[in-house]
Amino acid sequence: MSALTVDPGPGHGQDWDDLVRIWEETDAPEGCKVEIIEGIVTVSPPPSKDHNTTAALLQRRLYTVIPEDWEIYQTLGVSVPGRAGLYIPDLVVLPRAVASGPGNRVPAEDVRLVVEITSPANANANHDRIGKAHGYAKAGVELFLLLDPWHTGRPTATLYGEPSDGTYRVLEAVEYGQTLTLPKPFKLDLDTGIFPVS
């Protein structure tokens, strides 16, 4: 199932505040994910059971290695205004102090790791693989982990890092079943064989 695109209305040159207001006012069914991707407010259906299981398994492992004053969030908005984006990563890791207080989003530059898990819909998967990767890189997010059970051929896990000029370098890419290593400050050898394959 592909994401539903919500037309932001007349005046395609709307500024960031107008887009955020539309995002905040979008009435989507419970469990759906509402994001701004390249200036368009999108609504995606709730993730599958395998998708949720993948996020839960990874979250459990990340909690064993993150600093005591960091947290892992599943529904926190990450603002990427330079790419007209407001993403809701499947997991976002950052210092607790950054996510404390009112509101429902944080600046992308304060994030230490974002994780996106692709869904079978081509539009959703391509947003994760291309649009969001560029957005996170442009905003300077240190590490981006893409878990792609729908990758052509075989499910893959790709770790991106060293953002520069809106582009990431691939630090490591493995097929599910192999180990992927998250660098400092995580220092985690992740067995991707634990993740379900749909």
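This is a predicted model: local features need pLDDT of at least 70, side-chain atom pairs count only at pLDDT 80 or more; totals for chains, interfaces and linings use all residues.
Against which strands do the buried residues of helix α1 pack?

**View 1. Helix α1 and its buried face.** Helix α1 comprises residues 16–25, and its buried residues are L19, V20, I22 and W23. Seen down the axis of α1, these buried residues fall within an arc of 160°, so they line one face of the helix. An α-helix has 3.6 residues a turn, so residues three or four places apart point the same way. The buried residues of α1 pack against β2 (33–37), β3 (40–44), β6 (85–87) and β8 (105–107). On the face turned away from this buried side, α1 carries the exposed residues D17 and E25.

**View 2. Strand β10, covered on both faces.** Strand β10 spans residues 143–148, and six of its six residues are buried. In a regular strand the side chains alternate between the two faces of the sheet. One side of β10 holds L143, L145 and L147, the other F144, L146 and D148, and all of these residues are buried.

**View 3. The neighbours of β10 in the sheet.** Strand β9 (residues 113–117) runs parallel to β10 and is joined to β10 by five bridges. Within this pairing, E116 has L146 of β10 as its bridge partner. Strand β11 (residues 156–164) runs antiparallel to β10, and six bridges join the two. Here F144 stands opposite Y160 of β11.

**View 4. The largest pocket.** Rolling a probe the size of a water molecule over the atoms shows where empty space is left. The largest pocket holds about 490 Å³ of space. Its lining consists of 20 residues, and C32, K33, V34, T75 and I88 are those that lie nearest the centre of the pocket. Two or more lining residues come from each of the elements α1, β2 and α2 (49–62). Of the elements, α2 gives the most to the lining, with three residues.

**View 5. The surroundings of L91.** Residue L91 belongs to strand β7, which covers residues 91–95. L91 has a relative accessible area of 0% and is therefore buried. When residues up to four places away in sequence are not counted, L91 touches A55, L58, Q59, L62, I72, Y73, Q74, L113, V114 and V115. One of these contacts is Q59. The C-alpha atoms of L91 and Q59 are separated by 7.6 Å, although the two residues are 32 residues apart along the chain.

**View 6. Backbone features in the loop between β13 and β14.** Most residues other than glycine have a negative phi, and most peptide bonds are trans. In this view, the peptide bond from K184 to P185 is cis, with omega near 10°. P185 is located in the loop between β13 (179–182) and β14 (188–191). The loop between β13 and β14 also contains K187. K187 is not a glycine, yet has a positive phi of about 50°. With a relative accessible area of 59%, K187 is exposed.

View 7. Residue E162 is found in strand β11. The phi of E162 is positive, at about 50°, although E162 is not a glycine. Strand β11, in which E162 is placed, is the strand that six bridges join to β10 in an antiparallel arrangement.

Conventions. Residues are numbered from 1 along each chain as its sequence is written. Side-chain values use heavy atoms; hydrogens and water are left out. Buried means under 20% relative accessible area, exposed over 50%, partly exposed in between (1.4 Å probe, protein chains only). Helices (H or I, at least four residues) and strands (E, at least two) are DSSP runs, numbered from the N terminus. Two strands pair if DSSP finds at least two bridges between them. The arc is that of the directions from the helix axis to the C-beta atoms. Contact means heavy atoms within 4.5 Å. On a 1 Å grid over the protein atoms alone, a cavity is a set of points where a 1.4 Å probe fits but cannot get out, and a pocket is an open set with protein on both sides within 12 Å along at least five of seven lines; lining residues have an atom within 4 Å of a point. Grid points are joined across faces, edges and corners, and a volume is the space filled by probe spheres set on the points.
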